[in-house]
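Hi there,

Here is the structure I promised to pass on. Have a look at it first, and my notes follow below.

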Amino acid sequence: MASNRKTGQAANANMRVWNIVYPIFLYFAVCQIVNLLIGLLPFAASVDAVKRQGAGSLLGLLVLYLNFIKGKETSFGKKKPFTAPADRYLIAGVFSAVIMLGCAGIALNNVIALTDLKQMSESYQAVEQAFYSSGFGWEILALGLITPVAEELLYRYIIYYQFRDWMGRTAAIVGSALIFGLIHMNIVQTIYAFVLGLLLGLLMECYQDVRVAAIGHIAANILSLLRGETDLLSWLVPGETVFVPVTVVLLIVTVLFAILHLIKFKKD
């Protein structure tokens with residue numbers, strides 16, 4: 001009996017792991033297939049990395065929705081992505097997400113800029129060069145809108161709830177953030193994505209609506225694009241008088257919002 005019970009527990013754990021790994025594998029397999037198919041087109045040379053990323057993310061989003069969301073029952077009272085009616089909690093969540101993730105994104109970039117991490121990571125430099133080489137409109141569409149929505153459906157809905165059903169709320173927040181960070185495959189983006197992932201997971205737990213996490217992710221990405229491609233934040237660079245004070249203020253705002261949501265997390 002004990003042996004059968006252990007075998008059953010092992011099989012259940014293996015299935016739980018598979019339920020986390022499979023959606024990630026499926027999403028990136030779709031992205032790779034799209035990239036390969038675009039490479040076969042006669043005009044492939046004109047389709048840069050940003051457009052390929054956008055196309056892959058869009059199809060990946062559709063595949064994830066059809067496989068894991070459409071027609072599926074929900075648990076834990078979670079709302080269906082993108083179709084649940086808007087309410088006051090959604091509005092409060094969107095406000096919190098934009099402020100907290102916007103401040104966190106800028107502050108983290110500032111802190112990283114004070115280190116040599118970007119110079120040390122050749123893989124990050126390659127990614128940065130590829131993803132800032134397209135037209136600004138395409139960057140906003142692909143990296144600022146499509147990819148954040150697809151990634152939040154994957155990490156803060158599918159993966160998040162797999163962890164939550166298995167190990168509970170804290171594991172869901174940390175586990176989804178850790179995978180989100182590691183999947184970027186370079187030290188700069190891993191640190192950045194992990195910290196943002198923790199905040200996004202906290203928002204997901206507090207509001208139980210992936211639209212809140214998606215909008216927060218969109219806010220962080222669009223601010224990064226505006227910073228990299230425009231003069232909007234050209235005054236916010238290391239060495240400028242306001243750099244450290246502004247960074248400290250942004251960090252304080254981020255921490256305050258995080259604390260408020262942690263209090264809600266504990267009450268719930």
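**What Tyr192 touches**

Leaving aside its neighbours within four places in sequence, Tyr192 is in contact with Gly105, Leu108, Asn109, Ile112, Ala220 and Ser224. Please keep in mind as you read on that this is a predicted model.

Tyr192 itself sits in helix α8, which covers residues 187-207. Is its position buried or exposed? With a relative accessible area of 14%, Tyr192 is buried, because the cut-off for that is under 20%. I also looked at the pair Tyr192 and Tyr89: 103 residues separate the two in sequence, and their C-alpha atoms are 27 Å apart in space.

**Two helices and their caps**

Helix α3 takes in residues 88-113, 26 residues in total. From first C-alpha to last, α3 reaches 37 Å, close to the 38 Å expected at 1.5 Å a residue. The N-terminal end of α3 is capped by Asp87, which has a side-chain oxygen 3.1 Å from the backbone nitrogen of Tyr89.

Helix α2 has 21 residues, running over 49-69. Its first and last C-alpha atoms are 28 Å apart, which is close to the expected 30 Å. Asp48 is the residue to look at where α2 starts: one of its side-chain oxygens comes to within 3.1 Å of the backbone nitrogen of Val50. Val50 is also among the buried residues of α2, and others include Gly54, Gly56, Ser57, Gly60, Leu61, Val63, Leu64 and Ile69. As a reminder for reading such a list, an α-helix has 3.6 residues a turn, so residues three or four places apart point the same way.

**Cysteines and a buried arginine**

How many disulfides are there? The count comes to zero. Cys103 and Cys206 show why: the cysteine sulfur closest to that of Cys103 belongs to Cys206, and at 17 Å it is too far for a bond.

What does its side chain meet? A polar contact of 2.8 Å joins the side chains of Arg164 and Glu205.

**The chain as a whole**

Stepping back, the protein chain has ten helices and zero strands. The radius of gyration is 19 Å, which agrees with the value near 18 Å that a compact globule of 268 residues would have. Taken along the principal axes, the C-alpha atoms fill a box of roughly 70 × 55 × 40 Å.

Of the 268 residues, 43% count as buried. The protein chain exposes about 13800 Å², and carbon and sulfur atoms supply 69% of that area. Looking at contacts between residues at least 6 apart in sequence, 79% join residues at least 24 apart.

Happy to talk any of this through once you have had a look.

Best wishes

Terms used. Residues numbered from 1 in each chain as written. Predicted model: local features only at pLDDT ≥ 70, side-chain atom pairs only at ≥ 80, totals over all residues. Heavy atoms only, no water. Helix = DSSP H or I, 4+ residues; strand = E, 2+ residues; numbered from the N terminus. Expected span 1.5 Å × (residues − 1). Polar contact = N/O pair within 3.5 Å; in protein donor to acceptor, adjacent residues only side chain to side chain. Buried < 20%, exposed > 50% of the residue type's maximum accessible area, 1.4 Å probe, protein only. Contact = heavy atoms within 4.5 Å. Rg over C-alpha atoms; globule rule 2.2 N^0.38 Å. Areas by Shrake-Rupley, 256 points an atom, 1.4 Å probe, with all protein chains shown as cover. Disulfide = S-S within 2.5 Å.
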